[in-house]
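The entries follow the order in which I looked things up.

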Amino acid sequence: MTVSDEGRTPVVSVYVGLGSNLENPARQIMRALAALGEIPDTRLLEQSSLYISKPLGPRNQPDFVNAVAALATSLTPEALLASLQAIETRQGRNRDSGRRWGPRTLDLDLLVYGDRMIETPALTVPHPGIGQRSFVLLPLQEIAPDYVIPGLGALKTLVEECDRTGIHKLDHDTL
Ligand code: PH2
Ligand code: MG
Ligand code: MG
């Protein structure tokens, strides 16, 4: 690789999970989807519907709006993560608020990066817990019904086994 290729790889398909439960969550998600389409060396291929879901973790916080997007990127996982964090910051994410799994204006999670298994201090891919989280599995199924999550198995099976209470699709009229 030459110096100008730093931060780039051959094109890889990636899934990103979006979540928000503060300051007009649906609008935060729509804005973030548009921002994903502006990341350099990256294309936004698909976006799911928006879903309302009960908070996983501390219950005394607002419901979340969640979605999943499919991207094609030639950025490395680290470079893509930096872009995702920059979007979170632009949309008012406060990483110092301290509370684990607490409320946030925007959370962008790198769910899957091709078939790579990554375990570094900055990044665990596939993202931990996605095999059980209906707010990831249902939107992912909408855009990739036959997908097999690396290391976790067929999405169809994971969807059948997951707890679907407290989640529903947001219809356009309620946006
Ligand atoms: N994200 C969390 C913690 N809990 N609950 C829902 N329903 N949706 C989320 O995106 C979510 C959560 C931490 O990132
Ligand atoms: Mg998250
Ligand atoms: Mg996150």
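The entries below concern the ligand sites.

Conventions. I worked from a predicted model, in which local features need pLDDT of at least 70 and side-chain atom pairs count only at pLDDT 80 or more, while totals for chains, interfaces and linings use all residues. Residues are numbered from 1 along each chain as its sequence is written, chains are lettered from A and ligands numbered from 1 in the order in which they are written, and side-chain values use heavy atoms, with hydrogens and water left out.

Entry 1, surroundings of ligand 1. I listed the residues near ligand 1 (a heavy atom within 4 Å) and found Ser-53, Lys-54, Pro-55, Leu-56, Phe-64, Asn-66, Trp-101, Arg-104, Asp-107 and Phe-135.

I noted a nitrogen atom of ligand 1 at 2.8 Å from a polar backbone atom of Lys-54, and a nitrogen atom at 2.7 Å from a polar backbone atom of Leu-56. An oxygen atom of ligand 1 is 3.0 Å from an N or O atom in the side chain of Arg-104. The protein covers 96% of the 330 Å² of accessible area that ligand 1 has on its own (Shrake-Rupley method, 1.4 Å probe).

I looked up the donors (N, O and S atoms within 2.8 Å of the metal; 3.2 Å for Na, K and Ca). Asp-107 (OD) and Asp-109 (OD) coordinate the magnesium ion (ligand 3) at 2.1 to 2.2 Å. Asp-107 and Asp-109 are both buried (under 20% relative accessible area, 1.4 Å probe, protein chains only).

How values were computed
Polar contact = N/O pair within 3.5 Å; in protein donor to acceptor, adjacent residues only side chain to side chain. Buried < 20%, exposed > 50% of the residue type's maximum accessible area, 1.4 Å probe, protein only.
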